[in-house]
Amino acid sequence: MEELYADLVVIGSGPAGQKGAIQAAKLGKSVVIIEKYPTPGGSCLHSGTIPSKSLREAILNLTDFHKKSYYAKQEVPAYDISINDLNYCLNQVTEEQVGQFQKQFERNEIKWVQGLAHFEGPNQIAVLDENHHLTHMVTGEKILIATGSKPRNPKNVPFDKERVLDSTRLLSIDQLPKKMIVLGGGIIGSEYASFFAALGTEVIVVDKKEQILPYLDKEIGMHLQNALGTIGLKFLGNREFEEITRHPDRVELRFSDGMVLKGDVLLYALGRVANVDHLHIENVGISVDSKGYIPVNALFQTIVPNIYAVGDVIGGPSLASTSMEQGRLAARHAFGAETHHFPTFYPIGIYTIPEISSCGYTEEQLKKLGFRYEVGRAYYYEISKNTIAGNDPGMFKILFHADTLEILGIHIIGREATEVIHIGQVAMTFNAKIDYFIDQVFNYPTYAEGYRIAALNGFNKVKHRK
Ligand SMILES: Cc1cc2nc3c(=O)[nH]c(=O)nc-3n(C[C@H](O)[C@H](O)[C@H](O)COP(=O)(O)OP(=O)(O)OC[C@H]3O[C@@H](n4cnc5c(N)ncnc54)[C@H](O)[C@@H]3O)c2cc1C
Ligand SMILES: NC(=O)c1ccc[n+]([C@@H]2O[C@H](COP(=O)([O-])OP(=O)(O)OC[C@H]3O[C@@H](n4cnc5c(N)ncnc54)[C@H](O)[C@@H]3O)[C@@H](O)[C@H]2O)c1
């Protein structure tokens, strides 16, 4: 057993833990990072964000997806993609990223300890190997819990490696399904459903809500549903299932009215749960909230002031992007460096095909809050770059205050949405008004031109005409 001391002990090497660890090292602090998995990256790299986005990219490339829409009226060469083609792309990305993270830890002199961590006291973390033997006892002035989340696996769902899958198991299937049922039209369900539909799999998404991704701006949600329909994806809303049964050759989803859906595989995508079960947080007086997350204050401190928690383990928004920033802010606060509160508005990227990104209020929220607002729209067919690149469907929607012209929300669906959103985010951060997009020159042709077209469209509807 080895005894270690560090200014900061980080538990978990996903985006939250990594950024917290590196920030502390940059402040001149000694850092130990404990991770139960042999390589860094967390569920983000090994089963979440990166594999899903790598699969998406591989599917778009291997199916010539954008070419198909461009040459819509012409014959597109047939493709024959195997799971091996997809896995090849995926493994390359993972290997490269693991190497990057390891180098970063080395450069910043962050000590890596592999094993399962649990609390022995507010400054004391024990690390066990896979045989439950104690390998390290680590003492830390500050502790950062960044243990993330895993797919929710209720006991009555017959998960296996072949037919009844969650988002982690899905990455190990050995053949592409012909028919797929996706249970849950949240982010995970709708992203994977669109990927497999683009591959040619017959996909049906089932959700208890009326609309896929119901918290989207409604107009954007309708665009998404239409676009998904054009790649063959079916959506069955307002439906709660009764039972999932697994058979040697199929899986069945049964509803109370007797309806049964059959598929080769079922993706169970009804949320994730925080990784707290092995941490023994009760040893330091921390308990989880009613949803199973670790409660923290606005500075990411738990009820024990030297123990911070960040990322998926504290609940929403549960994104890699937000987890990174939480980790960084927590480490800065822990060591007295200048910091700020987490931003109110940040972009959310949803990598369905087509992709979506938004920042700020939805139209439904503005109505509820009683804002006097106006809407500017630009459809992708109005954007020259899109005509050149393949005539994909999409739209920009900018919501702005009808009197002050301040930008209140930006919603984009279509190619490059997750990239170009940042232009709008910057404008919103600096309290820009809608006329910013009119008075500045933009590169042409670009997707960003959508901002200008939407701004002009909105501007023409209000009395401050230019
Ligand atoms: C399919 C999918 C797609 C996603 N796509 C996106 C996306 O496109 N964009 C986006 O921003 N977000 C996306 N997310 C969300 C994103 O992956 C998570 O928000 C992010 O991984 C959370 O980071 P984290 O550091 O909190 O935890 P994690 O990445 O979950 O890492 C936690 C680490 O802690 C380790 N750990 C847990 N318990 C212990 C212990 N007791 N001792 C030692 N180690 C421990 C785990 O092994 C793990 O490595 C996606 C998620 C999924 C599932
Ligand atoms: N691009 C991204 O940023 C990205 C991608 C994937 C995942 N994530 C993260 O992962 C988290 C988990 O995603 P998720 O999709 O598993 O969960 P979710 O909570 O976002 O969605 C679950 C969906 O299942 C539906 N549902 C719940 N119970 C049901 C039932 N009994 N029958 C039918 N439908 C039911 C809900 O209405 C909801 O639409 C997300 O909240 C997000 O933070 C982010």
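Let me start with Glu 109, which sits in the loop between H5 and strand S3 (111–114), where helices (H or I, at least four residues) and strands (E, at least two) are DSSP runs numbered from the N terminus. Glu 109 is not a glycine, and yet its phi is positive, at about 55 degrees. As a reminder, most residues other than glycine have a negative phi, and most peptide bonds are trans.

The bond from Gly 316 to Pro 317 is cis, with omega near 5 degrees, and Pro 317 belongs to the loop between strand S17 (307–309) and helix H8 (320–334). The bond from Ile 353 to Pro 354 is cis as well, with omega near 5 degrees, and Pro 354 is found in the loop that runs between strand S18 (348–350) and strand S19 (356–360).

Before going on, the ground rules: this is a predicted model, in which local features need pLDDT of at least 70 and side-chain atom pairs count only at pLDDT 80 or more, whereas totals for chains, interfaces and linings use all residues. Residues are numbered from 1 along each chain as its sequence is written, chains are lettered from A and ligands numbered from 1 in the order in which they are written, and side-chain values use heavy atoms, with hydrogens and water left out.

Now the domains. The protein chain is divided into domain 1 (2–150 + 273–334), domain 2 (164–270) and domain 3 (354–465), with bounds that come from an automatic or database domain assignment. The C-alpha centres of domain 1 and domain 2 lie 27 Å apart, and their contact (heavy atoms within 4.5 Å) takes 18 residues from domain 1 and 14 residues from domain 2. Between them the two domains bury about 1,200 Å², with 72% of it on carbon and sulfur atoms; buried area here is the accessible area (1.4 Å probe) that two parts lose on being put together, summed over both. On the side of domain 1, Ser 47, Ile 59 and Ile 83 lose the most area to domain 2, together 38% of what that side buries.

What does the rule find across this interface in the way of salt bridges? It finds 1 salt bridge, defined as a side-chain nitrogen of Lys or Arg within 4 Å of a carboxyl oxygen of Asp or Glu. The side chains of Lys 53 and Glu 191 meet in a salt bridge, at 2.5 Å from N to O. The structure holds 16 salt bridges, and this pair links distant parts of the chain, with Lys 53 in helix H3 and Glu 191 in helix H6 (residues 187–199), 138 residues apart.

Finally, the ligands, where a residue is near if one of its heavy atoms lies within 4 Å. Ligand 2 is surrounded by 22 residues, and Glu 191 is among the closest, along with Asp 207, Gly 271, Ser 318 and Gly 349. A polar side-chain atom of Asp 207 lies 2.7 Å from an oxygen atom of ligand 2, and a backbone N or O atom of Gly 271 lies 2.9 Å from an oxygen atom of that ligand. Around ligand 1 there are 35 residues, of which Glu 35, Ser 43, Thr 49, Asp 312 and Ala 320 come nearest. A polar side-chain atom of Ser 43 lies 2.6 Å from an oxygen atom of ligand 1, while for Ala 320 a backbone N or O atom lies 2.9 Å from an oxygen atom of ligand 1.

Key
Polar contact = N/O pair within 3.5 Å; in protein donor to acceptor, adjacent residues only side chain to side chain.
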